[in-house]
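Please keep the sequence and the 3D view at hand while reading.

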Amino acid sequence: MTTPIDKNHATKLLRQMLLIRRFEEKSAELYSATKIRGFLHLYIGEEAVAVGVMAALTPEDAVVATYREHGQALARGMSADSIMAEMYGKLEGCCKGRGGSMHIFDSSTHFYGGNAIVGGGLPVAVGLALADSMLGRNRVTCCFFGDGAVAEGAFHESMNMAALWKLPVLFLCENNLYAMGTAIRYTQAQPDIAAKAVGYRMKSAAVDGMDVMAVEAAASKAADHIRQGNGPYLLECRTYRFRPHSMFDTELYRSKEEVEQWKAHDPIEKLTRRLSDAGLLNDQDRAALEQDVAREVESAVAFAEAGTWEPVENLTSFVYSERREL
Amino acid sequence: MSGAQSARKTSYREAVKEAIREALQKDERVFLMGEDVGHYGGCYAVSKGLLAEFGPERIRDTPLSEGGFVGAGIGAALGGLRPIVEVMTVNFSLLALDQILNNAATLLHMSGGQFNVPLVIRMATGAGKQLAAQHAHSLEGWYAHIPGIRVLSPATLEDARGMLWTALQDPDPVLIFENNTLYNMEGNLSETAGPVDIDTARIRRSGSDITLITYSASLYKCLDAATALAGEGIEVEVIDLRSLRPLDDATYLESISRTNRALIVDEGWRSGGISAEISARIMEQGFYDLDTPVERICTAEVPIPYARHMEEAALPRIDTIIDTVKRMVRHG
Ligand SMILES: Cc1ncc(C[n+]2csc(CCOP(=O)(O)OP(=O)(O)O)c2C)c(N)n1
Ligand SMILES: [Mg+2]
């Protein structure tokens, strides 16, 4: 027996994944055209994770992400315009061009970045949850991190503190099997990441990260557990990045065949098939979604192109706050 | 250069790789360990090919555990090996700062001279590629604050090739900072290039009007400025510090005794930076040689911004070096 699919909701998930995919493809193009510079880490292949998880969060919840965070930012509801303009380095970007691709922040959606130090966001997420718990706010802080981050001391310290103090943190591991070019088999004595929660007496689960509905269901279950005051939860999403780690990666460490095998599990195609099999989506619907998303990406590019450069005289602003609250 | 011994074209990256290869060949105790040094070929492709040549024991990929593997490097050095630990960039070395400062730099002293740490730590540093505020800082000057370690900054192909072996012979921890913008730099390197001293500064261009004191990638900004200024009749002497700890005071003080002016160019932040230390030493030891106050050009006191024009505005620039030199020479 399969549960019936909510057509509107599923279509929304599909659209979000498509938006991320096309946004990322465009970003790669713009990188080659040198419109975007610095480091650019694409999320292509992993869309189901961010989209499924965000669907399980409320607008009040907090999110902490990594340098591979365009997908999370878009799924969280940030505008493609403000992210694209940020990557152009324009004043109209979400961080005025100060941060770029790796440092997307947005206070209005409680999106706390954009952290490019591997594992750097984890203790911060614990602190956000500590504040919520001390101030009596019932919300979840969802912290995204990769399989690579699991090797950092910050991961273990954060897991312990969150469990010890029963804090409302959703530890969201995006296990794409590689930390840059180093496969997880070379970095983890115990590659089953969900299993690590046991040592902290924390609840955990692993889920197919290429299946957006499975991710949403697992994340909802985790979020419920947290909201009911049971403390933190570790959710491992097993996924794969289809593109190189960054724009400088020659991918010496994995075979084309391996990448192709994973592409057969493309989360967008998977959901499309599922919806059309259920008679909820036809070719025209999909084409209309594509068009709609293409328009959004194009207008983001136009917005970024039309943006302005911050005057150099402002160089030292935002080093300290302007106003001191007494 | 005519009459030079046979030289060949190479890059800074290749020069570092050759130095690592030579060390691995010459000394069984040497091994390289760090993130992505093996299967990926090195974050900056420095160790590309070495895994196939030396195998996974000696070209050891580590988990993302900076504190852990730098600390393990200290232990391996204590245990009789000669580790070369690569930290991807100085920004991530902060996760290992505890091990570097509280163990590597202090063990010899705390143990009353019983345990020395013959460890080399290499890392990339510097801005210039729009990598923003968590990937672009120049903290080598900070490390130079720490007694017990040596801090090197090779700017040339010869030094990229030659400093590593000498560092490995040192009984104490040596940190080598490779500016990320130098890896692609190409030039000629003598076939016989080999170990170089790691104690002295070098005069890279001679001049009589002013001394520019710098290191690493800023050396080339200073040399370009010097060339431009020569066209206007100002002769600039350019000193490459090479070692930030210990500092070779004698070389720059001797230069200042001839030029009577000093300008320090440093990609680190100004307050409390290595430029402040050098300025203080000139004041202490060379004050009466000066015709004009020592000046400094450093990175603006701001986390490095992403946007290109803002990053450029934050860093030392050739035009500001030229303007500052002119002002100092005309008014001094
Ligand atoms: C502390 C630290 N060490 C190293 C790096 C360089 N680096 C950036 S991303 C990355 C790989 C991280 O892998 P993972 O956590 O699995 O995330 P993924 O990139 O696969 O999404 C590395 C080593 C860094 N940014 N921070
Ligand atoms: Mg990964």
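UniProt positions are given in the numbering used here, feature names are shortened, and annotations may be inferred rather than shown by experiment. With that in mind, UniProt lists "domain: Transketolase-like pyrimidine-binding" (unreviewed entry) at residues 10–185 of chain B. The model is predicted: local features need pLDDT of at least 70, side-chain atom pairs count only at pLDDT 80 or more, and totals for chains, interfaces and linings use all residues. Residues are numbered from 1 along each chain as its sequence is written, while chains are lettered from A and ligands numbered from 1 in the order in which they are written.

**Confidence**
- The model has an ipTM of 0.95 and a pTM of 0.97.
- Chain B has a mean pLDDT (the predictor's confidence in each residue, from 0 to 100) of 97, and 98% of its residues reach 70 or more.

**Annotated domains**
- Residues 10–185 of chain B are 38% helix and 19% strand, with end C-alpha atoms 8 Å apart; helices (H or I, at least four residues) and strands (E, at least two) are DSSP runs, numbered from the N terminus.
- In chain A, UniProt gives "domain: Dehydrogenase E1 component" (unreviewed entry) for residues 16–306.
- That span of chain A, residues 16–306, is 44% helix and 13% strand, and its end C-alpha atoms lie 25 Å apart.

**Ligand 1**
- Residues from chains A and B surround ligand 1, so the site is shared between chains.
- Of the 20 residues around the ligand (C-beta atom, placed from the backbone, within 6 Å), Val118(A), Gly146(A), Gly148(A), Ala179(A) and Phe92(B) come nearest.
- The shell holds 11 nonpolar, 4 polar and 5 charged residues; Ala, Val, Leu, Ile, Met, Phe, Trp, Tyr, Cys and Pro count as nonpolar, Asp, Glu, Lys and Arg as charged, and the others, Gly among them, as polar.

**Strand β4 of chain A**
- All 7 of the 7 residues of β4(A) (residues 169–175) are buried, so the strand is largely enclosed by the rest of the structure; a residue is buried if 20 or more other C-beta atoms lie within 10 Å of its own, exposed if 12 or fewer, and partly exposed in between, with C-beta atoms placed from the backbone.
- β4(A) pairs in the parallel sense with β3(A) (residues 141–146) over 6 bridges, and two strands pair if DSSP finds at least two bridges between them.
- Phe145(A) stands opposite Cys173(A) of β4(A).
- β4(A) also pairs in the parallel sense with β8(A) (residues 233–238) over 6 bridges, where Leu234(A) is the bridge partner of Phe171(A).

**Strand β10 of chain B**
- In β10(B) (residues 210–214), 5 of the 5 residues are buried, so this strand is largely enclosed by the rest of the structure.
- β10(B) runs parallel to β11(B) (residues 236–240), joined by 5 bridges, and Thr211(B) has Glu237(B) as its bridge partner.
- β10(B) pairs in the parallel sense with β13(B) (residues 262–269) over 3 bridges; there, Ile264(B) is the bridge partner of Ile213(B).

**Backbone exceptions**
- Most residues other than glycine have a negative phi, and most peptide bonds are trans.
- The peptide bond from Arg245(B) to Pro246(B) is cis, with omega near 0°.
- Glu251(A), not a glycine, has a positive phi of about 55° and is partly exposed, with 14 other C-beta atoms within 10 Å.
- Asp36(B) has a positive phi near 60° and counts as buried, with 24 C-beta neighbours inside 10 Å.
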